[in-house]
Amino acid sequence: MIEICSLSYNINRNIILEDINLTLTDGEFAALIGPNGAGKSTLIKLILGFLPLQTGAIYIEGIPHLEWLKEHSIGYLPQHEEFNRNFPATAMEIVLMGLVRELHPGSRFKSIHRQRAMQALTLTGIAHLANHQLGSLSGGELQRVFLARALVSDSKYLILDEPEASLDQPGVKSLFILLKDLNKAGKTILTISHDLNILSEYCSFLICLNRRLHCHTSAELVNAEIIHKTFGDTVRLIEKDY
Amino acid sequence: MYNFIYQAILAALLSSFSLALFSPLVTLRQVSYMGEALSHIAFAGIALALLLELNLQLTTLIFVVIVALAISWLSQKHKLQEANTITIFLSVSMALGIILISLKKGYSFDLESYLFGNVLMVSPSEIYQLIVLALLDIFFISFFYKELFYLSYNAEMAKFYGVPVKLVNTIFMILLAANIVITLRAAGIILVSAQLILPAVTAFNLVKRLDYSILCSAFIAILAASGGFALSWWLDLPTGANIVLLEFVFYLISLLFMTRPKTA
């Protein structure tokens, strides 16, 4: 369970998040929606410990999140990952990064780790690219490599920041089917997304954020009123057929 | 006579080898500019040691390590762009070095041998230092290979996935400073940065794995050091400059054999 208590965050006196209180119970498949600049990525980065807390607290399984993160890992798929396209790494080596916490400094990956990495690559459908250089992969393939890295540690929690970026429509659909299967298998998932149709189909819990938490309710309850409250007048619902 | 020559060959080989081991990591982490800056910052350390009549190498090493860690700390804590921080320290250190040297009135300082390096000036005790440095480099890179790999890939994600980024980065910076200071007499302030970059960019044209590129980089450096020393022996040319020019020739040749990433 992830608990966020009275969380506020500002950058140069601009309020990014204000008094956020939220509980993400185990087994939930939650979606975080909101307009650009609503603080979605900031909230995720605070949970993951990339940003320091200013006001409020975050607990994971009842333990302050930074303490918890020292001993455990959370699967994380970032929106953009900065790296040198010429970096001499294969897809397999990047997936193995997700297992570093399980090894002591100075120790090497063993065949069991490589097997687990290969299983994660198989799960995301790119096992055949295991030995390919990162620089040779397309945006969609890279996204799957990073997703495999998020899955390889078999963490109880999975956090995704706009996973549909770089994926085509069938790719988005197959990704969410995979996420739903992982959720059914017990993983607690929190994903940022703009695709309300796909969220309402697959997610069980909706978090609407626009600096403040506007509502958090079952995904089936997505309706024009909630969207209006979160996004303002700039958005209207359009049915999309995948 | 022969001892003197063996000593000079060893100095050229060991200094090129040590710098080449660090070369792929420095290049991938995009801190090659830091390498160049630290070699110039060492000038202020040398001047300080001369003025205060302290142990030259130890004073320079402590000075450069402190500045290297300060640059790293300032860049991270105050979000200053690393290139800007480095430029500030480089210029200030050079200015400080010039002032300190001019304060030491009546002292004739062999600036040229520090600027361009002179393997013939390397003493037996400095050879031992170069041997210890090479062994430390090998141990550090072998032991922390996994950590260095992910730190070079993306430091923020490496930290998230449990790499002890602060520890490895601090040791990296201290060893980088040590490599620059200890190889300075053989490689020279001006030329040391070339030996930190050229072997790696050549290696990356030939191989597409970090471990192979470290080995390839070291091999290129040994080849260039041997060739550079031979040329200086036959043609009476400065060894450091020969090594850098040969490394550049190897780089040009490597462009012909450049490997492309596998396509998906």
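**Exercise 1: the largest cavity**

The largest cavity is lined by Ile46(B), Leu56(B), Gln57(B), Thr60(B), Tyr114(B), Glu126(B), Val181(B), Leu184(B) and Arg185(B). This is a predicted model, in which local features need pLDDT of at least 70, side-chain atom pairs count only at pLDDT 80 or more, and totals for chains, interfaces and linings use all residues. Residues are numbered from 1 along each chain as its sequence is written, chains are lettered from A and ligands numbered from 1 in the order in which they are written, and side-chain values use heavy atoms, with hydrogens and water left out.

Task: State which elements give two or more residues to the lining of the largest cavity, and describe the cavity.

Solution. 
- Step 1. On a 1 Å grid over the protein atoms alone, a cavity is a set of points where a 1.4 Å probe fits but cannot get out; lining residues have an atom within 4 Å of a point.
- Step 2. By this rule there is 1 cavity of 30 Å³ or more. The largest cavity holds about 70 Å³ of space, a volume being the space filled by probe spheres set on the points, which are joined across faces, edges and corners.
- Step 3. Helix 3 and helix 9 of chain B each give two or more residues to this lining. Helices (H or I, at least four residues) are DSSP runs, numbered from the N terminus.
- Step 4. The lining of the largest cavity divides into 5 nonpolar, 2 polar and 2 charged residues. Here Ala, Val, Leu, Ile, Met, Phe, Trp, Tyr, Cys and Pro count as nonpolar, Asp, Glu, Lys and Arg as charged, and the others, Gly among them, as polar.

**Exercise 2: the largest pocket**

Task: State which helix gives the most to the lining of the largest pocket.

Solution. 
- Step 1. A pocket is an open set of points with protein on both sides within 12 Å along at least five of seven lines. The volume of the largest pocket is about 2300 Å³.
- Step 2. Its lining has 49 residues, and Gln76(B), Ala155(B), Glu156(B), Lys159(B) and Val165(B) lie nearest the centre.
- Step 3. The elements giving two or more residues include helix 1 (40-48) and helix 2 (65-71) of chain A, as well as helix 3 (56-77) and helix 9 (165-187) of chain B.
- Step 4. Helix 3 of chain B gives the most, with 6 residues. By class, the lining has 22 nonpolar, 14 polar and 13 charged residues.

**Exercise 3: a helix pair in chain B**

Task: Classify the packing of helix 6 of chain B against helix 9 of chain B.

Solution. 
- Step 1. The axes of helix 6 (residues 124-143) of chain B and helix 9 of chain B come within 10 Å and cross at roughly 155°. Axes are lines fitted to C-alpha atoms, for helices over the stretch in contact, and angles run from 0 to 180 degrees between N-to-C directions.
- Step 2. Helix 6 of chain B is therefore roughly antiparallel to helix 9 of chain B, a term for angles over 145 degrees.
- Step 3. Contact (heavy atoms within 4.5 Å) involves, among others, Leu130(B), Leu133(B) and Phe140(B) of helix 6 of chain B and Ile171(B), Phe172(B) and Leu175(B) of helix 9 of chain B.
- Step 4. The residues of this contact comprise 10 nonpolar, 3 polar and 3 charged.

Definitions and conventions:
Angles under 35 degrees count as roughly parallel, over 145 as roughly antiparallel, 65 to 115 as roughly perpendicular and the rest as oblique.
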